[in-house]
Amino acid sequence: MPFVSDLRTVLRGRGFRRLFVVRLASQGSDGAFQAALASLVFFSPERAATAHAAAGAFAVSVLPYTVVGPFAGVLLDRWRRRQVLLTANAVRTALVLGVALLVSQHVVGVVLYAAALGCLSVNRFFLSGLGASLPHVVDDDELVMANSVSPTCGTIMAIVGGGIAYGVREVLGAGDGTDAVLLVLAAAGYATSALLTLRLRPGQLGPDRDVETRPADGLQAIIDGARHVHGRRPAWNALGAMGLHRFAYGITVITTILLCRNYFNDPSDVDAGVTLLALAFGASAVGFGLAALLTPPAADRWGPGGVIWRSYALAAVVEAVFITRFEVPIALAGALLLGICAQSSKICVDTIVQEYVDDDYRGRVFSFYDMVFNLAFVVAAAFAALLLPSDGYSRAVFAVVALLYALAALGYGRTVSAVATQDARR
């Protein structure tokens, strides 16, 4: 299988192997952590899930990524990235244990959410560091393969972590005590990831040159990253397409939560809602795995840009189907296909950005990338809160999302075609 072959190829590198297991341990913990938060916010019997509640929770959880991103970028271009990964996971271990203590004491309110936001904010340093570090542990001609297997396996590991958390919840039963146990498990995973980071050499992940550390200017970092990537049109165009995709996908994620809780099941039957959501996320995980199999040969045939616009075209078709027919089997099949589209496009956008930006700017560019990625989701949350009914099903919203994907496919496809024409004339 191409995925297994690609994984074997990149795993030959010792540096990649060591960075890879750091990612897996951390992102598996992310899944357990997010499952515990979802249980607290969306699937507690005493708490109702509405469009406004779902949108608000997602917006609050994503905003710290956008705020922290600029500072992460400038520091990643000045600090040794291995140390950033180590420190981020050590800090997250302590923060998640603190959240577990609060939950065990039935503290569910502003204090708990503030602690959870701290965990999510620190995670931005970690994920940005992974993106900026990957080119240091693989050869240039293996970047597509590495971007296929590494983030995809990380995403699947996050879903596996969430699945394990779901299984523990089923065994122990719903409640704050169970959620506290899940959080302790997540903290143990973060601690493991921190220890695994020590297997990498301090300077192994860059940056390539020593830069005197100075106070981070977050706004200037974003401006620097934006200017740098703007001068590299293939990367700039790919980021624009990704932003539009993230907006559409964000609406779909919030819709999925409401559909599982309130549309396909009785809102009072929390367990049925949790089970269906787990199935939907499982279908997405299968889609992510298939994307890792399909993307490298597809990129060889059509190029990364060709894969991106074709992914968005398929997503537009899937959303259009939801307008006319919508039952559980169709929804699960759609989750699988949208998982393929989302992960395939992400693999290719990451590859394009890594290929076209300089290493000295990579941290700032990836932080600008993250800001676009997450800000689009915040706007999607606000859009969902305004337009989605409490049960999550709206033909008009599905139509809008389908149109957005179609516009992304058409617009980005034209830029890819224009670049190909220019190259052919040279």
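This is a predicted model: local features need pLDDT of at least 70, side-chain atom pairs count only at pLDDT 80 or more; totals for chains, interfaces and linings use all residues.
Axes here are lines fitted to C-alpha atoms, for helices over the stretch in contact, and angles run from 0 to 180 degrees between N-to-C directions. Residues are numbered from 1 along each chain as its sequence is written, and side-chain values use heavy atoms, with hydrogens and water left out.

Let's start with the whole chain. It has 13 helices and zero strands; helices (H or I, at least four residues) and strands (E, at least two) are DSSP runs, numbered from the N terminus. Walk along from the N terminus and the elements read α-α-α-α-α-α-α-α-α-α-α-α-α. The chain has 426 residues, and 55% of them count as buried. Buried means under 20% relative accessible area, exposed over 50%, and partly exposed in between (1.4 Å probe, protein chains only).

Now for the helix pairs. Two packed helices are described by the angle between their axes and the distance between the axes. Helix 4 (residues 81-104) packs with helix 7 (residues 176-197) at about 165°, and their axes are 8 Å apart. That makes helix 4 roughly antiparallel to helix 7. The cut-offs go like this: angles under 35 degrees count as roughly parallel, over 145 as roughly antiparallel, 65 to 115 as roughly perpendicular and the rest as oblique. The contact of helix 4 with helix 7 has 16 nonpolar, five polar and four charged residues. In this sorting, Ala, Val, Leu, Ile, Met, Phe, Trp, Tyr, Cys and Pro count as nonpolar, Asp, Glu, Lys and Arg as charged, and the others, Gly among them, as polar. Helix 4 passes helix 7 in a left-handed crossing, a term for the near helix being turned anticlockwise from the far one by less than a right angle (right-handed if clockwise).

Stay on helix 4 for two residues. Arg 92 lies in this helix and, at 1% relative accessibility, counts as buried. What does Arg 92 touch, not counting residues up to four places away in sequence? The list is Ser 26, Asp 30, Cys 119, Val 122, Asn 123, Phe 126 and Tyr 190. Leu 102 also sits in helix 4, but at 21% relative accessibility Leu 102 counts as partly exposed. From Leu 102 to Ala 180 is 78 residues in sequence, and 8.3 Å in space, C-alpha to C-alpha.

On to helix 11 and two of its partners. Helix 9 (residues 233-263) and helix 11 have axes that come within 10 Å and cross at roughly 155°. That makes helix 9 roughly antiparallel to helix 11. The residues in this contact of helix 9 with helix 11 divide into twelve nonpolar, three polar and one charged. On the helix 9 side they include Met 242, His 245 and Tyr 249, and on the helix 11 side Lys 346, Val 349 and Tyr 356 are among them. Helix 9 passes helix 11 in a left-handed crossing.

Helix 10 (residues 270-324) packs against helix 11 (residues 328-356) at about 40°, with axes 4 Å apart. Helix 10 and helix 11 are therefore oblique to each other. The contact of helix 10 with helix 11 draws on 33 nonpolar, ten polar and one charged residue.

Back on helix 9, look for Arg 246. Arg 246 is buried, with a relative accessible area of 13%. Leaving aside neighbours within four places in sequence, Arg 246 is in contact with Phe 373, Asn 374, Ala 376 and Phe 377.

Finish with two loop residues. Asp 141 sits in the loop between helix 5 (110-133) and helix 6 (143-172). Is Asp 141 buried or exposed? Asp 141 is exposed, at a relative accessible area of 65%. The C-alpha atoms of Asp 141 and Glu 355 are separated by 9.9 Å, and the two residues are 214 apart along the chain. Ser 394 is in the loop between helix 12 (359-387) and helix 13 (395-425), and is buried, with a relative accessible area of 14%. Ser 394 and Ile 323 are 71 residues apart in sequence and 8.1 Å apart in space, C-alpha to C-alpha.

Definitions and conventions. Contact means heavy atoms within 4.5 Å.
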